[in-house]
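Hello,

Here is the structure I promised to pass on to you. Please open it first, and then read my notes on its aromatic rings below.

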Amino acid sequence: MIRTQQTRIPWAWVFLITTTTGVGALVESVSGQALTFTLRKFTNDPALITFIGAINIAFNFMVAPYTAWKSDRIWTKWGRRRPFLLVGWSVMALALIAAPLSPSLWLLTLVVIVWQFGMDFGYSGPWSPLFYEVVPMHQRGRAVVIKRLMSVLAQLFFSYVLLRQFDKIYNLRIGGGTFHVTGEQLIYWVTALLVVGAVLHLIFNVRETQPKHLHPPERFRPVQYVKETMGSRQ
């Protein structure tokens with residue numbers, strides 16, 4: 001069982017916890033190349049494709065900072081980082097399943113909004129704090145190398161295995177019927193399956209230890225947040 005705030009952890013814990021980083025890198029790859037090809041089914045306008053693909057940038061500013069800030073200031077029976085991860089990634093998995101099935105550009109755009117919201121709500125904000133609470137300071141140098149390796153392996157898997165399937169069609173015989181699965185659907189659904197696996201990993205294999213000193217409950221104020229973040233020269 002992986003636990004936070006330990007003085008030393010087995011290196012196996014580092015490999016296990018960084019698998020989530022690999023899944024996150026895979027999702028980022030899908031939201032780049034694969035999503036671009038999916039959008040081209042409905043439009044060839046480069047500006048519109050770029051605009052929809054850049055929705056995550058807005059959430060990087062609006063959602064991820066809030067969940068990172070809020071996860072410092074709560075405590076639940078599930079911990080303080082994991083609730084955001086579990087909710088956000090569960091929502092994202094559903095959006096990934098729906099993305100290749102979207103019949104129109106507007107529905108696809110809505111799915112992308114939900115998908116990117118889930119990514120920033122459940123990963124971009126609270127994931128790094130959880131990672132560094134699992135890995136003690138004196139092990140973080142090598143842990144970051146392992147984390148980076150997981151990201152590179154995920155990107156290679158996407159580029160050389162998944163993305164090549166985009167234009168293929170697979171005929172699956174189940175029972176007495178034949179089902180057609182496109183390579184596009186395969187890319188999104190395999191990614192969704194790995195996201196679900198990461199969620200289960202966080203549920204059953206990761207536990208947060210309550211810190212001795214928690215931030216007191218505090219209402220989020222955007223102006224105050226900006227001042228505290230940008231208000232000092234450091």
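**Aromatic rings**

One aromatic cluster is formed by W89, Y123, W127, F131 and Y132. Above the ring of F131 sits the charged end of K147, 5.4 Å from the ring centre (a charge sits over a ring if NZ of Lys or CZ of Arg is within 6 Å of the ring centre and within 35 degrees of the ring normal).

A word on the background: this is a predicted model, where local features need pLDDT of at least 70 and side-chain atom pairs count only at pLDDT 80 or more, while totals for chains, interfaces and linings use all residues. Residues are numbered from 1 along each chain as its sequence is written, and side-chain values use heavy atoms, leaving out hydrogens and water.

Searching the whole structure turns up nine aromatic pairs (rings of Phe, Tyr and Trp, the last by its six-membered ring, pair if their centres lie within 6.5 Å; planes under 30 degrees apart are stacked, over 60 edge-to-face, the rest tilted). One of them is the tilted pair of F84 and F121, with 5.3 Å from centre to centre and 55 degrees between the planes. F84 belongs to helix α5 (residues 82-98) and F121 to helix α6 (residues 105-124), 37 residues apart, so this pair links distant parts of the chain (helices are DSSP runs of H or I with at least four residues, numbered from the N terminus). Both F84 and F121 are buried, meaning under 20% relative accessible area with a 1.4 Å probe, protein chains only.

The pair of W115 and Y188 is edge-to-face, because the ring centres are 6.0 Å apart and the planes stand at 90 degrees.

Best wishes

Note on methods
Helices (H or I, at least four residues) and strands (E, at least two) are DSSP runs, numbered from the N terminus. Buried means under 20% relative accessible area, exposed over 50%, partly exposed in between (1.4 Å probe, protein chains only).
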